[in-house]
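Here are my notes for a colleague opening this structure for the first time. Please read them with the model on screen.

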Amino acid sequence: MGELVQRVEELADFFAAQAEESDDLGRLTDQTHKTLREVGIVRALQPKDFGGSELHPREFFEAVLAIGGSHASAGWVSSVVGVHSFELAQGTREVQTEIWGRDPDIWIASPYAPIGRARRTDGGWIFSGRWPFSSGTDLCDWVVLGGMLTDDEGNVAPDGLRHFVIPRSDYTIVQDSWDVVGLKGTGSKDVVIDGAFVPDHRIIDPEDLGSGAAAERAGRGNVPLYRMPFHSMFSGAITAATLAAAEGALATWINYTRTRVSVRGVTAATDPRQLHALGEAASDLQASRMQFLADIDRLYEQAESGRPISMELRAEVRRNQVRVSRRAGDAVDRLVAHAGGSALRMDNPIQRFWRDLHLALGHGANVAEPVYEASGTIVFGGQPPKNVRM
């Protein structure tokens with residue numbers, strides 16, 4: 001077990017105790033935020049020359065699973081914000097210095113949805129838009145936003161998708177925009193930009209992230225961590241946070257069922273139907289964890305060897321990631337169906353994990369069918385759609 005994982009596992013009770021207050025606030029509590037900074041989860045994938053830990057990605061994801069199994073919203077923010085350090089390590093040296101040069105604990109939010117529009121001007125671009133779902137955004141000082149390059153008439157350029165790196169002074173957080181049934185504590189609010197100037201050095205081409213060209217230009221092409229496929233890592237962050245919520249639901253269900261007596265006077269822990277549901281769910285979630293982490297190991301071994309990571313392997317990993325999330329959701333639904341009505345009372349943590357899990361399943365990275373179609377197309381020698389990124 002790595003030091004990071006050990007540190008967060010020792011804090012399990014603390015994280016669990018913070019969940020309800022985070023939900024009430026609509027963001028992580030100040031104590032949770034402070035503790036996550038202290039354990040260094042967001043620095044796990046950050047380069048060493050800018051104060052990061054540059055860990056094996058498996059340790060990062062295991063730490064996310066440990067945090068999210070106690071407090072799903074904290075796991076989600078840790079995973080999503082943490083993976084942004086991986087991307088920015090492949091940006092220009094200038095933007096890395098701007099962000100981490102004075103303070104290596106700076107956090108960076110997103111989202112990547114290509115909603116924004118950028119028009120060329122001297123030395124950069126004029127950028128505008130409104131994006132939903134910026135997880136942990138109140139805790140971050142920068143944001144990476146998806147957008148499209150346009151001409152002067154506003155026509156989108158072919159292959160114009162870019163990521164724009166923006167300081168907190170240039171965008172507004174819409175505070176009343178996160179009113180949801182699950183993952184309330186993530187504070188995934190809207191952000192708005194109205195005509196901000198973005199210099200060229202703060203723009204990243206996601207195609208270069210996917211091909212490895214960005215890591216090469218950043219001087220990190222020989223570092224195994226930054227040879228990992230970007231889309232496997234970002235989608236993996238969503239998978240890990242989703243699976244963590246499912247594991248939290250399982251642990252909470254077991255604890256609740258130990259002392260539960262049904263309306264028929266039957267001790268639930270001896271009821272064959274309860275035991276059958278537990279056996280299926282526990283096995284499915286264990287298989288999901290093993291498959292997810294083993295795939296990260298497979299990718300890292302290829303990255304460490306210096307050999308190119310094939311599209312076939314990338315597609316297989318993405319297929320497995322969405323299947324892990326769907327399998328986890330199905331497992332928890334079976335548990336909740338056997339947990340009785342009291343499991344859905346608002347003072348029962350089972351219902352919180354269940355709600356958090358279902359909101360997580362709605363993330364675009366967890367939409368399974370396009371990924372299944374693309375991976376199957378590759379199996380049969382075809383080219384997957386460009387909008388399904390591997």
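**Notes on strands, cores and salt bridges**

1. Start with the hairpin. Strand S2 and strand S3 (residues 124-134) pair in the antiparallel sense, over five bridges. Keep in mind that this is a predicted model. Two residues lie between the strands of this hairpin, and Gly-123 takes a positive phi near 80°. Within S3, Ser-128 is the bridge partner of Arg-117.

2. S2 has another partner. Strand S2 (residues 116-121) runs parallel to strand S4 (residues 142-150), and four bridges join them. Here Arg-117 stands opposite Met-148 in S4. Ala-118 stands opposite Leu-149 in S4.

3. Now look at S4 itself. Is S4 mostly covered or mostly open? It is mostly covered: nine of its nine residues are buried. Strand S1 (residues 108-109) pairs with S4 in the parallel sense over two bridges. In that pairing, Ala-109 faces Val-143 of S4.

4. S4 also pairs with S5. The sense is antiparallel, with eight bridges. Leu-145 stands opposite Phe-164 in S5. The hairpin of S4 and S5 has five residues between the strands, and Gly-154 there has a positive phi near 90°.

5. Check the loop between S3 and S4, where Ser-135 lies. Ser-135 has a relative accessible area of 8%, so it is buried; the cut-off is under 20%. Beyond its sequence neighbours up to four places away, Ser-135 touches Trp-76, Val-80, Val-81, Ala-109, Thr-186, Gly-187 and Ser-188.

6. Turn to the aromatic rings. The structure holds 12 aromatic pairs. One of them is Phe-127 with Phe-164, a stacked pair with 4.0 Å centre to centre and 15° between the planes. Phe-127 is in strand S3 and Phe-164 in strand S5 (residues 156-167), so this pair ties together parts 37 residues apart in sequence. Phe-127 is buried, at 0% relative accessible area. Phe-164 is also buried, at 0%.

7. Other rings deserve a look. Ring pairs link Phe-86, Tyr-112, Tyr-226, Phe-230 and Phe-234 into a cluster. Elsewhere, the charged end of Arg-168 sits over the ring of Tyr-171, 5.0 Å from its centre.

8. Which residues have the most contacts inside the largest nonpolar core? They are Ile-41, Phe-61, Phe-86, Ile-99, Phe-127 and Ile-166, in a core of 107 residues. Helix H9 (residues 230-257) gives the most to this core, with 14 residues. A second, separate core has eight residues, including Ala-368, Val-371, Ala-374 and Val-388.

9. Leaving aside neighbours within four places in sequence, Phe-86 is in contact with Leu-45, Leu-225, Tyr-226, Met-228, Phe-230 and Met-233. Among these contacts, Tyr-226 and Phe-230 also belong to the ring cluster.

10. Is Asp-194 buried or exposed? Its relative accessibility is 73%, so Asp-194 counts as exposed. Apart from residues up to four places away in sequence, Asp-194 touches Phe-127 and Ser-128. Asp-194 and Arg-227 are 33 residues apart in sequence and 35 Å apart in space, C-alpha to C-alpha.

11. The salt bridges come next. The count comes to 20. In one of them, Asp-138 meets Lys-189, with the closest N and O atoms 2.5 Å apart. This pair links distant parts of the chain, 51 residues apart: Asp-138 is in the loop between S3 and S4, and Lys-189 is in strand S7. Asp-138 is partly exposed, at 27% relative accessible area. Lys-189 counts as buried, at 6% relative accessibility.

12. Finish with the helices. The side chains of Asp-284 and Arg-334 form a salt bridge (2.7 Å, N to O). Asp-284 is in helix H10 (residues 272-305) and Arg-334 in helix H11 (residues 311-337), 50 residues apart. Arg-298 and Glu-316 also meet in a salt bridge (3.0 Å, N to O). Arg-298 lies in H10 and Glu-316 in H11, so this pair ties together parts 18 residues apart in sequence. Separately, salt bridges that share partners join Asp-49, Arg-93 and Arg-220 into one network.

Definitions and conventions: Residues are numbered from 1 along each chain as its sequence is written. This is a predicted model: local features need pLDDT of at least 70, side-chain atom pairs count only at pLDDT 80 or more; totals for chains, interfaces and linings use all residues. Side-chain values use heavy atoms; hydrogens and water are left out. Two strands pair if DSSP finds at least two bridges between them. Buried means under 20% relative accessible area, exposed over 50%, partly exposed in between (1.4 Å probe, protein chains only). Contact means heavy atoms within 4.5 Å. Rings of Phe, Tyr and Trp (its six-membered ring) pair if their centres lie within 6.5 Å; planes under 30 degrees apart count as stacked, over 60 as edge-to-face and the rest as tilted. A charge sits over a ring if NZ of Lys or CZ of Arg is within 6 Å of the ring centre and within 35 degrees of the ring normal. A nonpolar core is a set of buried Ala, Val, Leu, Ile, Met, Phe, Trp, Tyr and Cys residues joined through side-chain atoms within 4.5 Å. A salt bridge is a side-chain nitrogen of Lys or Arg within 4 Å of a carboxyl oxygen of Asp or Glu.
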